[in-house]
Amino acid sequence: MKANQMKKYINLIAIAIISILSYSCEETVNGVELPYQELLVIRGELRANEQFNIAINKTLPPLEEYSRENSIISGVKAYIECDGKQYTLTNKSQDEYTNAELIPIPGKTYKLYAEWKNHKAYATTTIPTNNDTVYNIKIQSKYTENEWGDQMWKYIVSADAILSGNSVVLIKAINNSQYHYDDSEFAAKIDKDFTGNITIGTYPYWYYGEFGLSSIILTKYDLPYFDYYVTRREGDMNDDVFAISGNNIAWNIKGDGIGLFIGSNKKEIILK
């Protein structure tokens, strides 16, 4: 048998073996159950000087397709405590809870408690002050080449900043472009007071011609937000990270729950 014929013969045998093995591995398995822990799911941001909504749901089994409707629960008992006073949360609509009398104040600490069936969850957050600012905002353009060899512009937004220490800051540059991509952001945990230049963000090369900014949004967050921010895309592969356990994301909800209960303080700097 010639070498080429022998090679062809061996390849045919290999293909046949792979086909047989693939067929034998195709078997329907019924009655399989994956580990599932029912937990409360809590999502709430307390923004300084604004009314708020707290979403309270439950996790769903890992093999169940996520839907908000299936995660809604009833009979939740929840309240927020501040300065020794309890503010009962009432069910506003579906999974949203609020208390119109409670307006978060910078510098104050708020404790959340929620109970449903035999599940109890809790969290604490402080509303940060926001005396930070950015100025001398600059846009640098750079002519670059994309992966297809096309010459396009890239825009780099920078600014001088005064940022207070022991805080988390998120700065977004909002542009006035007609294109869909409409923001860029700078996120950092500031350990000590900082004064200097920062790069807020880089806009991708699909912007053409004139480019400008309409505003800068500077938001301060309570310290636990930073750990959540850097891990927020590390959850389980599902339609929603809250559908199952949300593994690897740094939540600050404790007890029989997952999620984020966080204080924030936002300001917008309008650019002319």
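How much space lies in the second largest pocket? The answer is about 180 Å³. Keep in mind as we go that this is a predicted model. Sorted by class, the lining of the second largest pocket holds six polar, five nonpolar and two charged residues.

Now let's move to the largest pocket. Its volume is about 420 Å³, and 21 residues line it. Nearest the centre of the largest pocket you'll find Glu45, Tyr221, Tyr225, Tyr228 and Leu260. At least two lining residues come from each of these elements: strand 1 (40-47), strand 11 (167-175), strand 14 (213-221), helix 3 (224-231) and strand 16 (257-270). By class, the lining of the largest pocket has eleven nonpolar, seven charged and three polar residues.

Finally, let's zoom in on a single residue. Serine 71 is part of helix 2, which covers residues 68-71. Is serine 71 buried or exposed? Serine 71 counts as buried because its relative accessibility is 0%, and the cut-off for buried is under 20%. A polar atom of the serine 71 side chain lies 2.8 Å from the backbone oxygen of arginine 68. Leaving aside residues up to four places away in sequence, serine 71 touches Asn57, Lys58, Leu60 and Tyr66.

Methods. Residues are numbered from 1 along each chain as its sequence is written. This is a predicted model: local features need pLDDT of at least 70, side-chain atom pairs count only at pLDDT 80 or more; totals for chains, interfaces and linings use all residues. Side-chain values use heavy atoms; hydrogens and water are left out. On a 1 Å grid over the protein atoms alone, a cavity is a set of points where a 1.4 Å probe fits but cannot get out, and a pocket is an open set with protein on both sides within 12 Å along at least five of seven lines; lining residues have an atom within 4 Å of a point. Grid points are joined across faces, edges and corners, and a volume is the space filled by probe spheres set on the points. Helices (H or I, at least four residues) and strands (E, at least two) are DSSP runs, numbered from the N terminus. Ala, Val, Leu, Ile, Met, Phe, Trp, Tyr, Cys and Pro count as nonpolar, Asp, Glu, Lys and Arg as charged, and the others, Gly among them, as polar. Buried means under 20% relative accessible area, exposed over 50%, partly exposed in between (1.4 Å probe, protein chains only). A polar contact is a pair of N or O atoms within 3.5 Å; within protein, one must be able to donate a hydrogen and the other to accept it, and residues adjacent in sequence count only if both atoms are side-chain atoms. Contact means heavy atoms within 4.5 Å.
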